[in-house]
Amino acid sequence: MDHMFPLFYTDCGKNLHIGKNVFINSGCRFQDQGGITIGDGALIGTMWSWQR
């Protein structure tokens with residue numbers, strides 16, 4: 001992963017899969033009990049939330 005800015009939240013962490021060249025901005029929350037995959041080259045903005 002190239003860039004990830006704090007604050008970063010996740011429920012489990014082990015169910016989150018991040019590709020290459022990914023940018024995650026600050027304040028993002030991932031509720032990953034069901035698994036989340038972020039593909040190569042993704043750009044994720046500030047205060048973004050993903051639930052699965």
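Colleague: How many helices and strands are there in the protein?

Modeller: Zero helices and eight strands. Helices (H or I, at least four residues) and strands (E, at least two) are DSSP runs, numbered from the N terminus. The pattern along the sequence is β-β-β-β-β-β-β-β. One caution on the source: this is a predicted model, where local features need pLDDT of at least 70, side-chain atom pairs count only at pLDDT 80 or more, and totals for chains, interfaces and linings use all residues. Residues are numbered from 1 along each chain as its sequence is written, and side-chain values use heavy atoms, with hydrogens and water left out.

Colleague: Which strands form the open sheet, and in what order?

Modeller: Strands of a sheet pair through backbone hydrogen bonds, either parallel or antiparallel. Two strands count as paired if DSSP finds at least two bridges between them. The open sheet has three strands in the order β1-β4-β7, with parallel pairing. β1 (3-4) and β7 (43-44) are at the edges with a single partner strand each, so one side of each has no neighbour in the sheet. Two bridges link β1 to β4 (residues 23-24). Met4 stands opposite Ile24 in β4.

Colleague: Along β5, which side chains are buried?

Modeller: Buried means under 20% relative accessible area, exposed over 50%, partly exposed in between (1.4 Å probe, protein chains only). In β5 (residues 28-31) the side chains alternate. β5 runs parallel to β2 (residues 8-10), joined by three bridges. Thr10 stands opposite Phe30. Across the protein, buried residues make up 23% of the 52.

Colleague: Is Leu7 buried or exposed?

Modeller: Leu7 is exposed, at a relative accessible area of 52%. Leu7 lies in the loop between β1 and β2.

Colleague: Which residues does Leu7 touch?

Modeller: Contact means heavy atoms within 4.5 Å. Leaving out residues up to four places away in sequence, Leu7 touches Ser26, Gly27 and Cys28. Leu7 and Thr46 are 39 residues apart in sequence, and their C-alpha atoms are 9.9 Å apart.
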